[in-house]
Amino acid sequence: MNIEDDGYLERIHHDALRVLEEVGIQCPSSEVRQIFEETGLAAFDEVTGHLHVLAPLVEQALNTAPKRDQYWIPEDSFGVGGTAPFVYDDDTGELIAPSFEHLAKIATTVNEADVVRFMARGVLIRNEEVKVIDTLVANCHKPIYVAAVTDAGIARAQEVHETRGKLTVQFSIINSPLNVIESMIDPFLSCVRKGIPIYVSTMPMAGLSSPYCMSGLLTLTHAEALFGITLTQLVNPGLMVVHAGLPSIANIQKNYAVDLGLISHNVANLLAEKVNKRLGIPSIQTACTTSQDRPNIQAEEEAIKGYALMKKYGFHQMRHAFGFLRELISFSISKLERHISLCQETGPDQAPEYDLEPYDPEGLDAIKRNGSQANYMRDDHTLKNTGKAFVC
């Protein structure tokens, strides 16, 4: 599999720039619109509600954004990442509410495992941003990703950044396809203006909120992440920002549930990483997880295929790589411990064969046709590619 075909990767980047120019981003935030329009290289369409961003402005942002060799997490790093709303009780099989004891156990396990290079929350404990950050810092000395949208959480994140360092705040400011989440803009801009490193996440799902083809899925993912990177650099040029575009696939055979166990899922995220590698920017994607709702042999087989592919082709950062179960709904601590061993034992020679889909020019057409509306389930392009795209 020629996963670093420069022609293919260049077309993805070029198409993403065209999406920002020609389709634009649905943007209800007047502050964001003003930031972009003041450059003279973006314009807001009052009729459609879309903010159109010219390619030179994005390229300017990529020039001011720090490169990945300045980031504190090295190449080929697996991590926890993610925020499951439940813990899978490994004794009873029930889903239970996460506790700080669970969080501390996950963080301690990560801290002691050489193969795990970074730590995010792993589980979701609501309305406790400061205590969550404190728990991560107390139990894990490795780089951490945190959530901070309240004033108290942002202040604590800033304090940790300025003292301990190696902290990045997670943000999703785009709801796929191509919609700014207005409620996230104030905390996002607060962090950026305070100089706290951030990542910009987006998770289009092929067949639901993205074209049902590999190149179209990657194009939309990249365009949405580039918008966040550009906004970051306009507000605070030179601030560390990580591209966290996570392409995913809605499995039509599973009632359009996101299927994180597909080989295609791992390959899509590898390709997204390779687009970012060409640009030299820090990159975190998702891989090595599972479609299973409990730890089992199939979950192990899916993870091994992911680990092997990553080790064969190389990457920057991959999260969700250990304890998560189906659709990132729950987190198993025993799976975390078992899959740390699996990752250590898996070699690149175990990578599965995969026939990479050729570039599909109709993917860009589908993005133009759907714009910021999630009509892909009924789009002719999806119907035509059902059973043909993302086949493992």
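Mentor: A crossing is left-handed if the near helix is turned anticlockwise from the far one by less than a right angle, and right-handed if clockwise. In this predicted model, where local features need pLDDT of at least 70, side-chain atom pairs count only at pLDDT 80 or more, and totals for chains, interfaces and linings use all residues, α1 and α8 make a right-handed crossing. Residues are numbered from 1 along each chain as its sequence is written, and side-chain values use heavy atoms, with hydrogens and water left out.

Trainee: At what angle do the axes of α1 and α8 cross?

Mentor: Axes are lines fitted to C-alpha atoms, for helices over the stretch in contact, and angles run from 0 to 180 degrees between N-to-C directions. Helices (H or I, at least four residues) and strands (E, at least two) are DSSP runs, numbered from the N terminus. The axes of α1 (residues 6–23) and α8 cross at roughly 55° and come within 8 Å. Angles under 35 degrees count as roughly parallel, over 145 as roughly antiparallel, 65 to 115 as roughly perpendicular and the rest as oblique. The two helices, α1 and α8, are therefore oblique. Contact means heavy atoms within 4.5 Å; among the residues that make it are Tyr8, Ile12 and Leu20 of α1, and Met214, Leu218 and Phe227 of α8.

Trainee: Where do the axes of α2 and α8 stand, oblique or roughly perpendicular?

Mentor: The axes of α2 (residues 30–37) and α8 cross at roughly 75° and come within 10 Å. That makes α2 roughly perpendicular to α8. On the α2 side, Val32, Ile35 and Phe36 meet residues of α8 including Phe227 and Leu231.

Trainee: Which residues have the most contacts inside the largest nonpolar core?

Mentor: In soluble globular proteins, nonpolar side chains tend to be buried together. A nonpolar core is a set of buried Ala, Val, Leu, Ile, Met, Phe, Trp, Tyr and Cys residues joined through side-chain atoms within 4.5 Å. Buried means under 20% relative accessible area, exposed over 50%, partly exposed in between (1.4 Å probe, protein chains only). Here the largest core has 121 residues, and Phe78, Met119, Val169, Phe227 and Phe322 have the most contacts inside it. Helix α8 (residues 214–235) gives the most to this core, with 9 residues. A second, separate core has 10 residues, including Ile73 and Tyr199.

Trainee: Which way do the side chains of strand β17 point?

Mentor: In a regular strand the side chains alternate between the two faces of the sheet. In β17 (residues 248–251), Ser248 and Ala250 point one way, Ile249 and Asn251 the other way, and all are buried.

Trainee: What is the order of the strands in the open sheet of 3 strands?

Mentor: Two strands pair if DSSP finds at least two bridges between them. The order is β15-β17-β18, with mixed pairing. Strands β15 (residues 205–206) and β17 run parallel, joined by 2 bridges, and Ala206 stands opposite Ile249. Strands β17 and β18 (residues 257–258) pair in the antiparallel sense over 2 bridges. They form a hairpin with 5 residues between them, and Asn255 in the turn has a positive phi of about 55°.
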